[in-house]
Amino acid sequence: MSRYTHQNPLLIEGSVPGRRGVRTATLDVPAHSLGDMLGAENLRRELPMPELSELDVVRHYTSLSHHNYSIDSGFYPLGSCTMKYNPKVNDRIAAMPGYSRIHPLQPEETVQGALQIMYELQAMLAEIAGMATATLQPAAGAHAELLSLMMIQAYYRHRGEEGREVVLIPDSAHGTNPASAARCGFTVQTIKTGSNGNIDLSGLKAALSTQTAALMLTNPSTLGLFETRIAEICELAHQRGALVYCDGANMNALLGIARPGDMGFDVMHFNLHKTFSTPHGGGGPGGGVIAVQRCLEPFLPVPVIIHKDGRHYSLEEDRPHTIGRIHSFYGAFLVAVRAYAYIAGLGADGLREVAENAVLNANYIRAKIAESFPAAFPQTCMHEVVVSAGGLRRHGVKALDVSKRLIDYGFHPPTNYFPLTVPEALMIEPTETESKQTLDTFCEALIQISREAEDDPELLRTAPHHTPVSRLNETAAVKKLDVRWSTGG
Amino acid sequence: MLIPDDRKYSVTHEWAKVEGDKVRVGISDHAQEELGDVVYLDLPEVGRILSKGDVFGAVESVKAVSDLYAPVSGEVVETNTDILNHTERVNESAYDEGWIILIRMSDPSELDGLLDADAYRQIVEEASH
C-alpha cells in the first residue's frame, strides 16, 4: 500500500534521512554504549522510522484532521446514536484541576468532592430512570447490557431458580442485545414486530415461559416508536417470573416525561455519550450507566459508592452477592463529570425540554420529507424517524446511494439498512440541538436527491463526488482488512 | 431480477432445485441483491439432519447477517465449501456456482408446499412496493 490519498502521503513517505524534529541537549554525563546496556543482540541497524521535522508532522496531522467529520463541523443525523452537540462548558468543567489532576489511588478523604459527584450523579440518573439506584461503571452501552444480564443471572442463581435460559428480544432490537445475551450464555429467541410497529403481544405471550430469564426491550423502539402497551408487556413478563430490561439508547425521547421504572422495567442502561452529551467513540470514552430496581441491587458490580452517616463518601468492596469488578478503578470519572454538569446545567425542566424538542425535530423532518421518503410507520414518531427509500428502486437507486449522495451536500448520512425489518431504511435522528434552518437545509437536500434519482440516477450510484476518496470497497474491508504499512506493498 | 422456473422457492428466499432424490439449495437473486456483497457464510456439517424450516446456516453481507432456512427436510449430503473463499459467487451466480447445500429429501411431498417461480415473483414484487 502506498498513498491513500494524493493530498496525504504517509509520514514514512515524506521521510528524509537525518532530518530531526527535536535537537537534544549536549550530553553532560558519562556515555554508555547501548550494546553494553541492552546486549548487542538486541540492537537493530535498520529501523524504518520516519525522519521528519516538527512542521512536517504538524501539517500531516492538521491535514488529516480536516478530513474528519464531527458534530462540531456539521449536521450528524445518525439514527440511534443521538449525535447531539456536546456543550464546551462541560469539557471546561471536566478539565478543572480538581477533577483532572486527581488519581484513583489517592486516599478517600482527599477526593471527597469527586466521590460526591459520582454519588449524586448516580442518584440523579436513578431518579430519571425511576429506579432505586445506579452504577456508573460500565464503559458503554453493550458493556452495560452484558453486565445487566450477568446480574439477572446472579439474581436467579441466588433465588435457586434453574432453567431460566432464554432471553426474548424483538426483531427490531440493536444487534448488541442478542450479542450480549449470547455472550452471557443465554439462548436468544426473537419476538416479531406487529404491523403497527409495536411488539406483537400474542407472539410475546406465546414465547414467555418459565424458561424466560428476561425480555430486552428498547423503548422507544429502534423504529422510533413508543411501545404503547409497555405496562402490559412488563406485567406479562413478571407474571411468568421474568425480568424486563430496557435498552436506554433512546432515552433522549423520554427525559423528564416518562420513566422506565414506572413502566415496569427492572433494569436499564443509559448511554451518557448519547443522552447526556458526553463525547462519542474516539472522542470518548463512552459511558454506560446501569439503573436497577431494589431486587437487583445486591448484585451490582463493586466498588459501590456509599455515603456513610450522611457525611463521608467511600467506595465499598464488601458486597457478598456482587458480580464482581468490571472496570479498572471506578469507570471513566471525567465522563461522569461532564454528564453531571449537563444535568445540573439543564435542571429538570431543561431535561424535559430536551426530549420535547428532540421529538419535535424528528417529526418536523418526518412531515417535511414525507412525499419523497415516506415514514415506515405513519404515526407520530419519537426522537427519530425511520423512512424508506424503497420508492427510488424503480430508478435503480438504493438507500445506500442516497446516503452517499448526502455527503456531497455536506451532511453525515443517517443510519441505513437498520432496522432490518424496514426495506431500504434510512433512520434519521436530528436531536434537539439543531435549528429549524439546519433541518430545512437537510430536508431540502433529501428532496433534491430524490429528484436526482429520477433525472440522473448514475449521479447517486457513483456518489460521493466531493470527498478525497469516493466509495470504499466494503467487502474487501471486511474480508481482507490490512491496515499495516509495509515497504513491499 | 432472475427467477428461473426450473426450481422452487421459499418465502424466506431460498431456492430448491430437485436432482433425483436430492435437492440443491441456495439463495435467490433477489435475496443476494437485498443483502449486498456477501462476506462470510456459515455452513452446516455434512450428515446433519434438517427438518423443513430449520436454520441450517447463515449468510453475512456488508449490511446484515441472515439465517438460512431449510426448504425441505432431509440429510445434508454435501456443502459448497468453494464459496467460503469465494463468497462473491453467491452474488454473481446465485443459482449456479453460488449454491449452498445439497439435501437428500426425507419427504419429497414437502416440495408441494414451496412456491413456483410465478408465485415467488409475486411475493418479491409485493415486498418492493
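Two residues are in contact if their C-beta atoms, placed from the backbone, lie within 7 Å. This is a predicted model, in which local features need pLDDT of at least 70 and side-chain atom pairs count only at pLDDT 80 or more, while totals for chains, interfaces and linings use all residues. Residues are numbered from 1 along each chain as its sequence is written, and chains are lettered from A and ligands numbered from 1 in the order in which they are written.

**View 1. Helix α6(A) against helix α7(A).** Gly141(A), Ala142(A), Glu145(A), Leu146(A) and Leu149(A) of α6(A) meet Thr176(A), Asn177(A), Ser180(A), Ala181(A) and Arg183(A) of α7(A). By class, the residues of this contact are 4 nonpolar, 4 polar and 2 charged (Ala, Val, Leu, Ile, Met, Phe, Trp, Tyr, Cys and Pro count as nonpolar, Asp, Glu, Lys and Arg as charged, and the others, Gly among them, as polar). Helices (H or I, at least four residues) and strands (E, at least two) are DSSP runs, numbered from the N terminus. The axes of α6 (residues 141-159) and α7 (residues 176-183) of chain A come within 9 Å and cross at roughly 40 degrees, which makes α6(A) oblique to α7(A). Axes are lines fitted to C-alpha atoms, for helices over the stretch in contact, and angles run from 0 to 180 degrees between N-to-C directions. Angles under 35 degrees count as roughly parallel, over 145 as roughly antiparallel, 65 to 115 as roughly perpendicular and the rest as oblique.

**View 2. The open sheet of chain A.** Its 7 strands follow the order β1-β7-β6-β5-β4-β2-β3, with mixed pairing; two strands pair if DSSP finds at least two bridges between them. At the edges are β1 (133-135) and β3 (187-191) of chain A, each pairing on one side only. From one strand to the next the twist averages 25 degrees. Helix α7(A) packs on this sheet, touching β2 (166-170), β3, β4 (212-218) and β5 (243-247) of chain A, and its direction makes about 175 degrees with that of β2(A). Within the chain, β6 (residues 267-271) and β7 (residues 288-292) of chain A pair in the antiparallel sense over 5 bridges, and Asn271(A) stands opposite Gly288(A).

**View 3. Helix α5(A) against helix α12(A).** The axes of α5 (residues 112-129) and α12 (residues 333-368) of chain A come within 10 Å and cross at roughly 60 degrees; α5(A) and α12(A) are therefore oblique to each other. This crossing of α5(A) and α12(A) is left-handed. Residues of α5(A) in the contact include Ile117(A), Met118(A) and Leu121(A), and those of α12(A) include Phe333(A), Tyr340(A) and Ile343(A). The contact of α5(A) with α12(A) has 11 nonpolar residues, no polar and no charged.

**View 4. The hairpin of β8(A) and β9(A).** Strands β8 (residues 304-308) and β9 (residues 312-316) of chain A run antiparallel and are joined by 5 bridges. Ile306(A) stands opposite Ser314(A) in β9(A). The hairpin has 3 residues between β8(A) and β9(A), and Asp309(A) in the turn has a positive phi of about 55 degrees.

**View 5. The open sheet of chain B.** Its 3 strands have the order β4-β6-β7, with antiparallel pairing. Strands β4 (38-42) and β7 (65-69) of chain B stand at the edges with a single partner strand each, so one side of each is left without a neighbour in the sheet. Strand β6 (residues 55-61) of chain B is joined to β7(B) by 5 bridges, and Gly57(B) has Leu68(B) as its bridge partner in β7(B).

Conventions:
A crossing is left-handed if the near helix is turned anticlockwise from the far one by less than a right angle, and right-handed if clockwise.
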